Amino acid sequence: MLNTKTIIKTSFLTAALALFTMAQPASAQQRDFLPPMMGWGAWNAFGQRISEENICSQADWLVKLGLDKLGYKYVCIDDGFWDGRNDDGTLRLQTKKFPNGMRKVADYIHSKGLKAGIYSDAGDNTCASRNVEPWGLNVGLAGHEYDDCKLYFADWDYDYIKVDYCGGNNMGLDERKQYTKIGDVIKRIEKEIGKNIVYNVCRWEFPGTWITRTADSWRTTADIIDSWEDDEKRAWGWGLKHILTRARYEQAYTGGGHYNDLDGLQLGHRLNDQEERTHFAMWCIYSSPIVIGQDLRTLSEKTLTLLRNADLVAMNQDRLGLGAPVVQREGEVYVVAKDMETLHGKKRAVAVLNMSDRKQTIEVCLKSLGFVGGVNIHDCFSKADTKSEGNTVSVTVDAHDTQAFFFVGERQDKTLYQAEEAWLNEYQRLANLPTAEAVDASKACLGAMVQNIGNSERNYLEWRDVYVTKGGKYKLTFAYAAAKERDLKVNVNGKDVKTFTNLNTGSWDAQWSTCSVVVNLKAGSNKVRLGNAEAFAPNIDYMRIEAVK
Ligand code: GLA
């Protein structure tokens with residue numbers, strides 16, 4: 001059922017995406033949530049050197065370059081526009097930078113047919129003020145949630161907010177409580193003023209699955225730096241490799257109009273051509289918000305060509321809004337894929353990401369991608385259209401590079417579900433708690449497993465879309481490892497179907513064994529949940545399903 005926010009979003013979206021969806025088939029035009037936001041953000045380009053003049057000029061350039069027509073609609077102000085707070089609680093502005101006030105800037109952005117973004121903190125202080133600069137003291141949302149949001153969205157007419165957490169840290173706030181409180185205030189104001197507001201949470205790690213019910217998008221990493229590797233001199237930033245390594249096993253949480261935000265783009269600086277292709281293509285296939293982080297006046301033709309790649313943009317803005325789990329892995333080369341346009345339909349977005357330092361050729365397995373027979377292949381970079389020959393497609397990828405494709409063909413039901421692609425209900429990276437998480441495990445299928453399942457009712461692993469064309473009896477086989485005796489409870493579509501007891505392989509990640517149960521699955525989508533409310537369950541590698549004749 002559609003809730004109010006969904007309805008507001010649907011009508012907003014109809015207008016916002018009319019242009020974009022025109023060329024797509026009818027089925028692709030129905031969507032009941034917003035796609036990842038696309039636009040420009042001030043932080044990577046200007047830091048605090050923002051002003052009415054340069055923000056408005058970026059809005060001009062977004063239009064001048066035609067990027068707005070491709071969906072790049074948001075112009076987002078970041079840290080550095082306040083000047084402390086008055087005793088009566090009202091916010092002061094840095095009037096040298098914004099002499100005509102912030103409403104003037106939003107109006108200008110809107111006059112260009114664009115959307116305006118603003119920035120705040122969940123706590124008291126801003127990040128760039130390092131909690132000491134007077135302009136950044138006490139300007140965050142804590143204690144001013146409703147009044148500040150009213151100011152930003154009603155009085156100033158902004159459409160998007162990024163909510164940082166340096167002040168939240170400073171005050172020792174509880175992330176879940178504070179971000180949910182802000183989310184609730186935003187929902188209330190959306191109703192009061194009748195417009196959609198995009199809520200982006202910036203807590204620098206995946207905060208917990210609660211975030212998917214509160215925010216439209218959430219940062220999952222520290223600040224991106226313009227380098228492949230992390231930089232020891234910039235301990236705070238993450239290089240591209242680090243961000244992509246983390247993103248591999250967080251794909252289950254993107255969906256239904258709520259997205260992992262891999263941070264703003266760092267094109268046009270120190271990344272080489274291959275790394276830039278990887279940067280953009282992976283942000284696109286992962287359905288991350290796309291926030292250009294460069295001064296638009298200085299974009300090179302090379303960067304522009306990448307940003308204007310309509311295939312990759314379509315991959316990002318696809319109506320299903322899915323994450324893209326790993327379906328094949330050869331060392332440091334990953335094949336990730338997601339359905340496009342129709343769930344379990346014929347079209348899939350496929351990316352082959354080479355995280356290694358040498359050129360590699362891999363045979364991409366069509367069966368692993370869920371195809372039966374051959375596929376039509378569209379190369380999203382070269383634009384070449386070809387057909388597959390045989391059961392695999394040979395793909396060569398330079399070091400740090402990515403190849404991206406649309407594969408179109410007949411599908412067959414998926415038979416192998418990796419644990420690391422499942423929804424881990426208590427997954428979070430803020431507290432040092434043993435909640436279920438996907439980790440590398442070289443002896444596991446595709447090099448990963450899930451550990452720390454169980455010990456509470458809520459700490460389960462769930463495959464939420466176990467899809468079978470025909471309903472009937474299926475054998476579910478689970479690969480597990482445990483160095484001590486552990487129990488595993490299996491629940492299908494809300495019913496407990498089996499508890500395996502005393503599972504023990506003598507190792508947590510090196511010795512694997514399997515256990516099976518025959519269950520009824522209904523035609524279409526099924527949920528399979530693994531857990532153990534009383535104690536920890538074994539580690540899980542995958543589930544295989546086969547029809548029982
Ligand atoms: C944090 C955020 C950045 C940026 C700065 C501003 O570091 O993660 O994206 O907003 O604050 O101070």
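**Exercise 1. Find which residues lie nearest the centre of the second largest pocket, and describe its lining.**

Solution. Of the 39 residues that line the second largest pocket, Trp 43, Asp 78, Lys 162, Asp 223 and Trp 236 lie nearest its centre. Here a pocket is, on a 1 Å grid over the protein atoms alone, an open set of points with protein on both sides within 12 Å along at least five of seven lines, and lining residues have an atom within 4 Å of a point. The model is a predicted one, in which local features need pLDDT of at least 70 and side-chain atom pairs count only at pLDDT 80 or more, while totals for chains, interfaces and linings use all residues. Residues are numbered from 1 along each chain as its sequence is written, and side-chain values use heavy atoms, with hydrogens and water left out.

Next, take the volume, which is about 760 Å³ for this second largest pocket; a volume is the space filled by probe spheres set on the grid points, which are joined across faces, edges and corners. Finally, sort the lining by class: 16 residues are nonpolar, 12 polar and 11 charged, where Ala, Val, Leu, Ile, Met, Phe, Trp, Tyr, Cys and Pro count as nonpolar, Asp, Glu, Lys and Arg as charged, and the others, Gly among them, as polar.

**Exercise 2. Identify the residues that come nearest the ligand, and give the distances for Asp 79, Asp 164 and Asp 223.**

Solution. There are 13 residues around the ligand, and those that come nearest are Asp 78, Asp 79, Lys 162, Asp 164 and Asp 223; a residue counts as near if one of its heavy atoms lies within 4 Å. For Asp 79, a polar side-chain atom lies 2.7 Å from an oxygen atom of the ligand. For Asp 164, the distance from a polar side-chain atom to a ligand oxygen atom is 2.7 Å. For Asp 223, an N or O atom of the side chain is 2.5 Å from an oxygen atom of the ligand.

**Exercise 3. Describe the second largest cavity.**

Solution. A search of the whole structure finds 3 cavities of 30 Å³ or more, a cavity being a set of grid points where a 1.4 Å probe fits but cannot get out. The second largest cavity holds about 80 Å³ of space. Its lining has 12 residues, and Pro 35, Met 37, Val 198, Asp 216 and Tyr 259 are the closest to its centre.

How values were computed: Polar contact = N/O pair within 3.5 Å; in protein donor to acceptor, adjacent residues only side chain to side chain.
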